[in-house]
Amino acid sequence: MTLIKFLLTALAGTALGFLVTVRVLDRGIGFDTARAGPWFGQPKSGTMDIDPYANAIIARTAELPLGSAEGLSFIARTDSLGAPLRPECDYTVSGMVPPTRYWTLTLISPEGWLIDNRARRFGFTSAEVVRAPDGSFTITLAHMARPGNWLPVGDTKHYALMLRLYDTLLDFGTTRVGGGALPKITRGRCT
Amino acid sequence: MSFGDRFFSLLLYATGVLFVAALVHLVAILIMPQVAPRDAYARLGAFAKPGQMMLLPRALPGHQLTPFEDPALAQAVCLYDLANGPLHLHADLPDTRLLTVSFRTRTGQIFYSMTDRASLHGTIDVRIMTQAQLDAEQETDDDENDQPLKELRLVAPDTKGFVLVNALANYPSERADAEAEVKSVSCAPETLAQD
């Protein structure tokens, strides 16, 4: 009787352990998180010091993070107020980017895949974006075409934004990064 | 059996379940990179031949090899196996386009990365080797004259791994040039001791 109880304990523990592992990996929980406003990054993922959780996640998803000398990448799943990005609303991504040789902004599904759209535009590079005289820029995310820098949102329920800073001077190891260091995401009109 | 005894034994088993769960969770996280069947190396390996720079298909909706790819990049990969000797990576950089190189282990960790800014006179020369290969080379080096090294020697933590080369196409019209640039990076295994 005791043996059966022991076996059941071991079995229940193993099942619970796997369940927790799958949940944790799916939700992308890790110890190495750098945050600036709505943007989240894992700066150590580009080094051998990668967080074991992040390492397990990249093994499962097969993603190829940027090396620390290549640049830094950030993902935003919400606007600057913390509300999830909704496909029926317009958003503007505006402001400045820290000193960086090049950057790109890409619209992706939460799982990291590109979303098809009629305009066949999936993001902007720093060279493509039209700027104001002071160097700041505004990119509009919307279903329908908008004047200026328009990033189309395809047919999707959920999406996220990825900002990649290539060859950047931003360093999370030595500087505290404020919420305003990366562009603001502001909700506009909703239909 | 009194109520207290029952409660105590239940608590004991619950603790046991939690202990086993925590152990299983930690072990699963730590061995995941070794056992994940469809990791980056496996996906790239199905596509690229070892010891050769292969251009990856352009990231387009529905046709992506791996998630979280930057559609503005042209990417090429070279899988290597250092068992038979070091690997020599050479790049000529004709223009100022952003070119980045990352050196990754079999399980995807990055042990070194660089951009075209780290080039010397417009070229990048990197030799990836195991610690044993480096030691052997340094022994013979001592006998010769002390010439400055023209290349970067990198010790790889594992014999197997891959090199990922990225070039940024600032505009869609630059894609062909960016693809040509990453494809032109050579990655060749050194079989016997040469020059």
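Guide: Two strands pair if DSSP finds at least two bridges between them. With that in hand, please ask away about this predicted model.

Visitor: Over how many bridges do strand S3 and strand S9 of chain A pair?
Guide: Strand S3 covers residues 71-76 of chain A and strand S9 covers residues 160-168. With at least two bridges needed for a pair, S3(A) and S9(A) qualify, running antiparallel, and the number of their bridges is six.

Visitor: Which residue of S9(A) is the bridge partner of Leu105(A)?
Guide: Strand S5 of chain A, residues 100-108, also pairs with S9(A), in the antiparallel sense over eight bridges. In S9(A), the partner that Leu105(A) meets is Leu163(A).

Visitor: Is Leu141(A) buried or exposed?
Guide: Leu141(A) sits in strand S7 of chain A, residues 137-142. Leaving aside neighbours within four places in sequence, its contacts are Asp90(A), Tyr91(A), Val93(A), Leu107(A), Leu151(A) and Val153(A). A residue needs 20 or more other C-beta atoms within 10 Å; because Leu141(A) has 24 such neighbours, it counts as buried.

Visitor: How many Å apart in space are Leu141(A) and Pro87(A), C-alpha to C-alpha?
Guide: In sequence, 54 residues separate Leu141(A) and Pro87(A). In space, their C-alpha atoms are apart by 9.0 Å.

Visitor: How far apart are the end C-alpha atoms of H1(A), with its 26 residues?
Guide: At 1.5 Å a residue, H1(A) should span 38 Å. The distance in the model agrees with that: the end C-alpha atoms are apart by 37 Å.

Visitor: Which helices do the buried residues of H1(A) pack against?
Guide: In H1(A), the buried positions are Gly13(A), Gly17(A), Thr21(A) and Leu25(A). They pack within their own chain and also across to the other, and the helices are H2 of chain A and H1 of chain B.

Visitor: Which element gives the most to the side of chain B that touches chain A?
Guide: Between the chains, 46 residues of chain B are in contact with 49 residues of chain A. On the chain B side, the elements giving two or more residues are H1, helix H2 (40-45), strand S4 (99-105), strand S5 (110-115) and strand S8 (160-168). That side divides into 29 nonpolar, twelve polar and five charged residues. With 15 residues, the element that gives the most is H1(B).

Visitor: Which are the edge strands of the open sheet in chain B?
Guide: This sheet has four strands in the order S7-S6-S3-S9, with mixed pairing. Each edge strand pairs on one side only, and the two are S7 (152-155) and S9 (186-189) of chain B.

Visitor: Which residue of S7(B) is the bridge partner of Ile128(B)?
Guide: Strand S6 of chain B, residues 123-129, runs parallel to S7(B), and four bridges join the two. In S7(B), the partner of Ile128(B) is Leu154(B).

Conventions. Residues are numbered from 1 along each chain as its sequence is written. Chains are lettered from A and ligands numbered from 1 in the order in which they are written. This is a predicted model: local features need pLDDT of at least 70, side-chain atom pairs count only at pLDDT 80 or more; totals for chains, interfaces and linings use all residues. Two residues are in contact if their C-beta atoms, placed from the backbone, lie within 7 Å. Ala, Val, Leu, Ile, Met, Phe, Trp, Tyr, Cys and Pro count as nonpolar, Asp, Glu, Lys and Arg as charged, and the others, Gly among them, as polar. The expected span of a helix is 1.5 Å times one less than its number of residues. A residue is buried if 20 or more other C-beta atoms lie within 10 Å of its own, exposed if 12 or fewer, and partly exposed in between; C-beta atoms are placed from the backbone.
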